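Look at the model below and follow how its parts pack against one another.

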Amino acid sequence: MTSIKSAAATAEVSEMAVVDTFTKLIFEQESEYSADERAIIEALRRVDGNMLLDSPEEMGAYLKALGVAEMIKLVGRVVSRLADENPVGTPHQERPGASHAYRQLH
């Protein structure tokens, strides 16, 4: 039987997935996020301390205020962070120190 793993679980998160998640945050399109989106949001919190304790709405407002060049750099940093934290073949696990913000998204 073939198992289906999430992109976050296999570190195959694409730049497009990060951009899509940022878009949802900016336009407040989702109140519930998929496992992959939650992993992206947590990585975003870890790469940009300005959003460490922000709500999704606050994160969206922050992202909306960024310039294009800043946004492109931030997307790359999030993709890199996810790849560094979850090498291919390594199961995704919630970081112990990130539980407060992570639980708010459930």
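Predicted model: local features only at pLDDT ≥ 70, side-chain atom pairs only at ≥ 80, totals over all residues.

E57 counts as partly exposed because its relative accessibility is 44%; buried means under 20% relative accessible area, exposed means over 50%, and partly exposed lies in between, using a 1.4 Å probe and protein chains only. E57 is found in helix α3.

Residues are numbered from 1 along each chain as its sequence is written, and side-chain values use heavy atoms, with hydrogens and water left out.

The protein chain has five helices and zero strands. Helices (H or I, at least four residues) and strands (E, at least two) are DSSP runs, numbered from the N terminus. Of the 106 residues in the chain, 40% are buried.

Which residues of helix α3 (residues 56-65) are buried? They are P56, M59, G60 and L63. These residues lie on the same side of α3 because they cover an arc of only 100° around the axis, where the arc is that of the directions from the helix axis to the C-beta atoms. Their cover includes α1, α2 (35-47) and α4.

Two of these covering helices, α1 (residues 15-26) and α4 (residues 68-85), pack at an angle of about 120°, with axes 9 Å apart. Axes are lines fitted to C-alpha atoms, for helices over the stretch in contact, and angles run from 0 to 180 degrees between N-to-C directions. The pair α1 and α4 is therefore oblique: angles under 35 degrees count as roughly parallel, over 145 as roughly antiparallel, 65 to 115 as roughly perpendicular and the rest as oblique. On the α1 side, E15, V18, V19, F22 and I26 meet M71, L74, V75, V78 and V79 of α4; contact means heavy atoms within 4.5 Å. By class, this contact has nine nonpolar, no polar and one charged residues. Ala, Val, Leu, Ile, Met, Phe, Trp, Tyr, Cys and Pro count as nonpolar, Asp, Glu, Lys and Arg as charged, and the others, Gly among them, as polar.

Helix α4 also packs against α2, at about 105° with axes 9 Å apart. The helices α2 and α4 are therefore roughly perpendicular to each other.
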